[in-house]
Amino acid sequence: MPSGTEDGAVETVLLGLGAWLSNQKTRRAKLSVEQLHLLGRAGVEWAAELAPVRREKGKQLPFADELAR
């Protein structure tokens, strides 16, 4: 994730996977259904459990056919 420095240069900050997952879980209310679905497919259990619940009424997801499998 880039962050600015005093001289205007951009510095890259590496974030560990554990910290990144923790941030996603903390902000899970703001994640889209698609983001939750993709995290669930990657093995993140809490995201897989939330994805079906967060589906918006009347909206067809681009990957809806995969959910039916």
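**Exercises on a predicted model**

**Exercise 1.** In helix α2, the residues V33, L36, H37 and L39 are buried. Find where these buried residues lie when α2 is seen down its axis.

*Solution.* 
Step 1. Viewed along the axis of α2, the buried residues fall within an arc of 165°, so they line one face of the helix. The arc is taken over the directions from the helix axis to the C-beta atoms.
Step 2. An α-helix has 3.6 residues a turn, so residues three or four places apart point the same way.
Step 3. After α2 comes G43, with a positive phi near 100°.

The model is predicted: local features need pLDDT of at least 70 and side-chain atom pairs count only at pLDDT 80 or more, while totals for chains, interfaces and linings use all residues. Residues are numbered from 1 along each chain as its sequence is written, and side-chain values use heavy atoms, with hydrogens and water left out.

**Exercise 2.** Give the order of helices and strands along the sequence, and the share of residues that count as buried.

*Solution.* 
Step 1. The protein has four helices and two strands. These are DSSP runs numbered from the N terminus: helices are H or I with at least four residues, strands E with at least two.
Step 2. Along the sequence the pattern reads β-β-α-α-α-α.
Step 3. Of the 69 residues, 19% count as buried.
Step 4. The accessible surface (Shrake-Rupley method, 1.4 Å probe) is about 5,600 Å², and 54% of it belongs to carbon and sulfur atoms.

**Exercise 3.** List the residues of the largest nonpolar core, and name the elements that give two or more residues to this core.

*Solution.* 
Step 1. A nonpolar core is a set of buried Ala, Val, Leu, Ile, Met, Phe, Trp, Tyr and Cys residues joined through side-chain atoms within 4.5 Å.
Step 2. The largest such core holds seven residues: L31, L36, L39, V44, W46, A47 and A51.
Step 3. The elements that each supply two or more of them are α2 (33–41) and α3 (45–50).

**Exercise 4.** Describe the surroundings of W46: is this residue buried or exposed, and which residues are in contact with W46?

*Solution.* 
Step 1. W46 is part of helix α3 and is buried, at 16% relative accessibility.
Step 2. Leaving aside neighbours within four places in sequence, W46 is in contact (heavy atoms within 4.5 Å) with L21, Q24, K25, R28, L31, L36 and L39.
Step 3. Take R28 from this list. The charged end of R28 sits over the ring of W46, 5.9 Å from its centre; the criterion is NZ of Lys or CZ of Arg within 6 Å of the ring centre and within 35 degrees of the ring normal. The C-alpha atoms of W46 and R28 are 9.4 Å apart, at a sequence separation of 18 residues.
Step 4. Take Q24, which lies in α1 (residues 17–26). Q24 is buried, with a relative accessible area of 16%, and touches L31, L39 and W46 beyond the residues up to four places away in sequence.
Step 5. Take K25, also found in α1. K25 is partly exposed, at 39% relative accessibility.

Definitions and conventions
Buried means under 20% relative accessible area, exposed over 50%, partly exposed in between (1.4 Å probe, protein chains only).
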